[in-house]
Amino acid sequence: METISIRPLDEKEAAAFLGLKSSRLLQAWRRRRIGPAWVRVGRQIRYQPQDLRAYLNANRVDREAVSK
């Protein structure tokens, strides 16, 4: 069973969670208003793990649906 973390992740942690090489892509996505939901806490940007999972699920490609 997966342990659910409720601690918000910083940019580097969120990038690692998504399998990105750098957090710069997350910064670019925020400027373009795309990508996963995020929260500003003071000056810092944080990502909720459940939002990152939702983003991954929303962008999941079903191979069978693509091949039809």
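Before the points, one term: accessible areas here come from the Shrake-Rupley method with a 1.4 Å probe. Please also keep in mind that this is a predicted model.

1. Surface and burial. By that method, the protein exposes about 5700 Å², and carbon and sulfur atoms supply 50% of this area. Of the 68 residues in the protein, 21% are buried.

2. Overall layout. You will find four helices and two strands. Reading from the N terminus, their order is α-α-β-β-α-α. Among contacts with a separation of 6 or more, 44% link residues 24 or more positions apart.

3. The core. Nine residues form the largest nonpolar core: Leu9, Ala14, Ala15, Leu18, Leu26, Trp29, Ile45, Tyr47 and Leu52.

4. Which residues does leucine 18 contact, leaving aside its neighbours within four places in sequence? They are Leu26, Trp29, Pro36, Leu52, Tyr55 and Leu56.

5. Helix packing. H1 packs with helix H3 (residues 49–58) at an angle of about 35°, and their axes are 11 Å apart. The crossing of H1 past H3 is right-handed. On the H1 side, Ala14, Phe17 and Leu18 make the contact; H3 brings Pro49, Leu52, Arg53, Tyr55 and Leu56. By type, the residues of this contact are seven nonpolar, one charged and no polar.

Notes: Residues are numbered from 1 along each chain as its sequence is written. This is a predicted model: local features need pLDDT of at least 70, side-chain atom pairs count only at pLDDT 80 or more; totals for chains, interfaces and linings use all residues. Side-chain values use heavy atoms; hydrogens and water are left out. A nonpolar core is a set of buried Ala, Val, Leu, Ile, Met, Phe, Trp, Tyr and Cys residues joined through side-chain atoms within 4.5 Å. Buried means under 20% relative accessible area, exposed over 50%, partly exposed in between (1.4 Å probe, protein chains only). Contact means heavy atoms within 4.5 Å. Axes are lines fitted to C-alpha atoms, for helices over the stretch in contact, and angles run from 0 to 180 degrees between N-to-C directions. A crossing is left-handed if the near helix is turned anticlockwise from the far one by less than a right angle, and right-handed if clockwise. Ala, Val, Leu, Ile, Met, Phe, Trp, Tyr, Cys and Pro count as nonpolar, Asp, Glu, Lys and Arg as charged, and the others, Gly among them, as polar.
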